[in-house]
Structure formats: C-alpha cells, structure tokens
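Biologist: Please take me through this model, and tell me what each term rests on.

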Amino acid sequence: MGSARIPVVILAGHLGAGKTTLLNHLLGNADGLRIGVVVNDFGSVNIDAMSVAGHVDSTVSLSNGCLCCAVDASGLDDLLGRLARPSRRLDVIVVEASGLAEPRDLIRLLLASDNDAITYGGLVEVVDAVEFERTRERHPEVDAQLRVADLVVLNKVDRLAADDRHRLTAVLRDIVEEVPVVATTRGRLDPGLLFDRRLPAQSDSVPRQLSFDELLAATRHDHDHLHEHYEAVDFVTDQALHPRRLMDFLDARPTGLYRIKGFVHFGVPGHRERYTVHAVGSFLRFEPTRWRRGEGRTSTLVLIGSGVDPEDIRARLRACEEPAPHALPPESMLCVLRHTQH
Ligand SMILES: Nc1nc2c(ncn2[C@@H]2O[C@H](COP(=O)(O)OP(=O)(O)OP(=O)(O)O)[C@@H](O)[C@H]2O)c(=O)[nH]1
C-alpha cells in the first residue's frame, strides 16, 4: 500500500530564509495538486499560519515551541492524521518547520509515526543567500543540517551580484556534495522538483543521507539545539503603533534580535492598511496588505533573537503605542514608506 501513502515533505531553513514565501509559491502554483500544510512557528503567535495563502481548511498550525522537541510523535501524528483523512484527498503534505527546528529530529518524528496513511517525503532546506555566511559563522552546525537535505534551495539570489551568487553556490556544493542546489528568487521553485514521486526520498525507507546511527544519535536528544540559544518574544496590542517611534525601535534594535515578523496597524490617514513587517538581520521590509474581513485592528509581532531581554523589548514596543493615530499627518509614514514594497 506504500504508493497510496501521502508523502510528507519537510520545509526547513534558518530564520527568515524564505520558507513561508516558498510555501505560498507552491500553493499558488500547485496545478491541481492538493497540498496540505502544517506550519510550526517559534513563539506563541503563529505569524506563519496567518501568512499562508488560502487553503485554510487544509492548514493546521502548531505554535509556541518547536516541532522537533515534541516529546514523541503523537502531537505531529495527530496533526498529520487530521490532514491525511481520505476526505481531504491530499496528494502531499508540507510541514513548514520553525526557523530554528532541527531537521533530523523532524525526520525522526516522521519515521517514528505509526500512521500508515503517510510517508516521509524528503527534506527541503531553504538557505538565505544574503545571510548564509554570517549564519554559518555563528552556527557551524548548519553544514550538518544541510547535508541531510534532499534539495537545497538557495533563495534571495536577487539580492546578490552574479559573482557572489556563483561563489556561494560553489560553497554550498562543497558542503552538501551531491545534494541538488537550486537558486531561487522569492521561493519560485518548480513544484515538480518537490513532489515528483520518483524522488529517492519518497521511498518508505530511511532517507539516503541519514544512517540509522545518525538517527539514533538524534533520538538521544543530547545535542545542542539551535533554538535553545534563541528566544521568541510576542507582542500583541489593539492600539495603533506610531510610525516614527516604531522605526526608532527598529533602527536601534538590539544586535541579537535577528528576526522580526508580524502585522502592524498604523491607522494614520491614508495608511490604514495592515502592514506586514519582516526583518531578517539588517534587512527590513514593510508591505501594505488588506485586513481580512472581521479582523481586529491589532498589531502583532514576533521577535526572535539570542541574548535579548523580552521585558525590555515589550516595554519599548509599548512605548510605540499611539492612542490617536487619526490625528497624525500622512507624512509621519514617510519613515515607514522608505522600507515599503508595494
Ligand atoms: N529580496 C528577496 N526577499 C525575499 C525572498 N524570499 C523571501 N523574501 C523576504 O524575506 C522575508 C522572510 O521571508 P519568509 O518567507 O517569511 O521567511 P521564513 O523562512 O518563513 O521566516 P521564519 O518563519 O521566521 O523562519 C520576507 O520579507 C520575504 O518577503 C527573495 O527571494 N528575495
């Protein structure tokens, strides 16, 4: 019955590498393929689940922690069981791991599953072309993570000069050897690369890059996890945020604060949209999007970093709250618009 099983593909990659962007591209270009999605976010507010386009009834989310640290597979099994119900007629399930997940643990969870409706379908590692070398300096263990992948996606190549792109591709190839490396912008990956049923990783056996010894080592759980060094701070407020004060906070963000994502309500006349915000390293980008029907005008941020002081961050964000945004002049948004993509 192996062929009837639904492959579960794990989408991993460091914070902000472009996993959700790639997932949205896949969902938008599924070409009739029915894709189920599990999103796991680091932090109790699941921004990723809110950012995955459409397909709402096939999305389940798991927040406040890291999938790979579930004590056993039952939490993940339950989620996958819900998605794998025959009535959903899914062709494939994609698990978007938190940016700090340890992929080997996720693979172990899947292989330990006793749900015979699913099978492990491979690991896709998304790499941030701009941040990769800095991330590697801080976390040399990323090399080993990449070697477990079935496909490495070198994303954000639009932000690199051609020379850097070739150099980085060569660096990656040295690390991962025979694992395919595909360069993308905005995760525009041919879905056929992921879901081709002939991919070696779609067999029911242990994936080729992992030996049983490695898996057993992973089950012992005595290794250092990336996310143990990071902390996620949530901030939710039903007040608008003052654009200048928020920009001051963002410009002076603590060095350890590597990733910020969420939605901001400025409420300034002419700028009442929901502004999606993303910061990865020194990169900062806002994007005006529509509020969903019935959605409260709240600002929701998740801030992830190492060595950060959650209370200090929350206090600084509370100081950005603005009770009377309608009284602010439209020009007060200029500092935000400088970082805005329309
Ligand atoms: N210039 C550029 N920006 C990109 C590209 N892909 C993604 N981004 C931007 O990078 C930021 C992070 O993208 P996400 O898809 O949210 O990253 P992620 O890996 O899901 O983030 P986490 O879940 O926090 O780990 C967003 O602002 C994206 O719009 C790309 O190819 N080029």
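Biologist: How far apart are the end C-alpha atoms of residues 230–321, and what percentage of the span is helix and strand?

Modeller: The end C-alpha atoms of residues 230–321 are 26 Å apart, and the span is 20% helix and 43% strand. Helices (H or I, at least four residues) and strands (E, at least two) are DSSP runs, numbered from the N terminus. UniProt, in an unreviewed entry, places the feature "domain: CobW C-terminal" at residues 230–321. UniProt positions are given in the numbering used here, feature names are shortened, and annotations may be inferred rather than shown by experiment.

Biologist: What kind of model is this, and how are residues numbered?

Modeller: This is a predicted model, in which local features need pLDDT of at least 70, side-chain atom pairs count only at pLDDT 80 or more, and totals for chains, interfaces and linings use all residues. Residues are numbered from 1 along each chain as its sequence is written.

Biologist: What is the mean pLDDT of the protein?

Modeller: The mean pLDDT (the predictor's confidence in each residue, from 0 to 100) is 82, and 79% of residues reach 70 or more. Over residues 197–223 the pLDDT is below 50.

Biologist: Why is helix α4 called largely enclosed by the rest of the structure?

Modeller: A residue is buried if 20 or more other C-beta atoms lie within 10 Å of its own, exposed if 12 or fewer, and partly exposed in between; C-beta atoms are placed from the backbone. Eight of the nine residues of α4 (residues 103–111) are buried, so the helix is largely enclosed. Among the buried residues are P103, R104 and D105.

Biologist: Why does D309 count as partly exposed?

Modeller: D309 has 14 C-beta neighbours inside 10 Å, so D309 counts as partly exposed. D309 is found in the loop between β13 (299–305) and α11 (310–318).

Biologist: How do you know that the shell around the ligand lies between domain 1 and domain 2?

Modeller: Domain 1 (2–227) and domain 2 (230–337) both give residues to the shell, so the ligand lies between them. Domain bounds come from an automatic or database domain assignment.

Biologist: Which residues come nearest to the ligand?

Modeller: Of the 22 residues around the ligand, G18, T20, T21, G99 and H278 come nearest. A residue is near a molecule or strand if its C-beta atom, placed from the backbone, lies within 6 Å of it. α1 gives the most to the shell, with three residues.

Terms used. Contact = placed C-beta atoms within 7 Å.
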